[in-house]
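Subject: Handing over a structure, with notes

Dear colleague,

I am passing on the structure that you will find just below, and I would be glad if you could look at it with the notes beside you.

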Amino acid sequence: MTETKMTEDGKYLARCGQCGTWVEVYPAPATGDLFFEALKAEFQCCGRQQGATFTREKDCLDFH
Ligand SMILES: [Zn+2]
């Protein structure tokens, strides 16, 4: 599974499974449930298409 993290300034990073580089990704909403929102992103590194999943608690969301 791809390692992921969110930075304090709101960027989404996914780690390449091959070289370990953190790549900035732009995830799109995927399935979630009542308490968590799921986001999915795809990125390319080392010539491989890779997928990353982010989840975050809905309490943390900003509603616009
Ligand atoms: Zn890589």
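The notes that follow take up the sheet, the salt bridges and a surface patch in turn.

Please keep in mind that this is a predicted model, in which local features need pLDDT of at least 70 and side-chain atom pairs count only at pLDDT 80 or more, while totals for chains, interfaces and linings use all residues. Residues are numbered from 1 along each chain as its sequence is written, and side-chain values use heavy atoms, with hydrogens and water left out.

To begin with the sheet, three strands form an open sheet in the order 4-5-6, with antiparallel pairing. Strands here are DSSP runs of E with at least two residues, numbered from the N terminus, and two of them pair if DSSP finds at least two bridges between them. Strand 4 and strand 6 (48-57) are the edge strands, since each of them pairs on one side only. Strand 4 is joined to strand 5 by two bridges, and Pro29 has Leu39 in strand 5 as its bridge partner.

The structure also holds two salt bridges, a salt bridge being a side-chain nitrogen of Lys or Arg within 4 Å of a carboxyl oxygen of Asp or Glu. In one of them, the side chains of Arg15 and Glu3 meet at 3.2 Å, N to O. This pair links distant parts of the chain, as Arg15 belongs to strand 2 (residues 12-15) and Glu3 to the segment before strand 1 (4-6), twelve residues apart.

The side chains of Arg56 and Glu37 also meet in a salt bridge, at 2.9 Å, N to O. Because Arg56 lies in strand 6 and Glu37 in strand 5, the pair ties together parts that are 19 residues apart in sequence. Glu37 counts as buried, at 19% relative accessibility, whereas Arg56 is partly exposed, with a relative accessible area of 27%; buried means under 20% relative accessible area, exposed over 50%, and partly exposed in between (1.4 Å probe, protein chains only).

Finally, Leu34, Phe35 and Phe36 make a nonpolar surface patch of about 360 Å². Such patches are made of residues with over 30% relative accessible area and no salt bridge, with nonpolar side chains (Val, Leu, Ile, Met, Phe, Trp, Tyr) joined within 5 Å and like charges within 9 Å. Leu34 is found in the loop between strand 4 (28-29) and strand 5 (36-45), and Leu34 is exposed, with a relative accessible area of 67%.

Methods
Areas by Shrake-Rupley, 256 points an atom, 1.4 Å probe, with all protein chains shown as cover. Helix = DSSP H or I, 4+ residues; strand = E, 2+ residues; numbered from the N terminus.
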